[in-house]
Amino acid sequence: MRKITNQELNRPTVDEFAAMGRIPVVVVLDNVRSAQNVGAFFRTGDAFAIECVALCGITATPPSKDIHKSALGAELSVEWIHYPSTLDCVRELKAQGYRILAIEQVEGAVMLDELQVASDCKYALVFGNEVAGVEQSVVDECDGAIEIPQLGTKHSLNVSVAGGVVLWPFFAALRHCVDDK
């Protein structure tokens, strides 16, 4: 096997990426305190061509040296918006027809490996604070929740790692939305 060079990957330029289609997914960050976690979400959002990242509450916003450190410039290619309140963000997205799903350990959560992603649905995925998770008032507004099955001794994953794990099945199921545009 030979490693493929960056040039051979044929990645789009920032301008070409801006003109591409997106998978119908918005990532909502509920008071994520680490700017490096925020940057990691931008980088993952770029890889999976999500619509937007909603940065809520105390979540850092670009421009930021710490966001850039982990985003590697993806904060320039992925759309973002800031909301002072996660609740306001979720309510607005719900009014726009998004299915709102908290990524949280709650009663009635669907295990990620049992999730059925509908190809005709728009999704907003809410990821919470590194310590407190998704605020209960926000969970109450969600249409459902997803839990990542785990077998280890820890109760959770790093929020940006959880982002990559959760976004993958949405990308796999909705990738055709990018190809169709």
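1. A handy term to begin with: a residue is called buried under 20% relative accessible area, exposed over 50%, and partly exposed in between, using a 1.4 Å probe and protein chains only. By that scale R91, at 42% relative accessibility, counts as partly exposed.

2. Please keep in mind that this is a predicted model, where local features need pLDDT of at least 70, side-chain atom pairs count only at pLDDT 80 or more, and totals for chains, interfaces and linings use all residues. Residues are numbered from 1 along each chain as its sequence is written, and side-chain values use heavy atoms, with hydrogens and water left out.

3. How many salt bridges are there? The count comes to 3, where a salt bridge is a side-chain nitrogen of Lys or Arg within 4 Å of a carboxyl oxygen of Asp or Glu.

4. Take a look at R91 and E141, whose side chains form a salt bridge at 3.4 Å, N to O. R91 sits in helix α4 (residues 86-95) and E141 in helix α5 (residues 136-141), so this pair ties together parts that are 50 residues apart in sequence. Helices here are DSSP runs (H or I, at least four residues) and strands are runs of E, at least two, numbered from the N terminus. E141 is partly exposed, at 22%.

5. Helix α4 also holds K94, while D143 lies in the loop between α5 and β7 (144-147), so their pairing ties together parts 49 residues apart in sequence.

6. Finally, R2 and E8 meet through their side chains in a salt bridge of 2.9 Å, N to O. R2 is exposed at 58%, whereas E8 is partly exposed at 40%.
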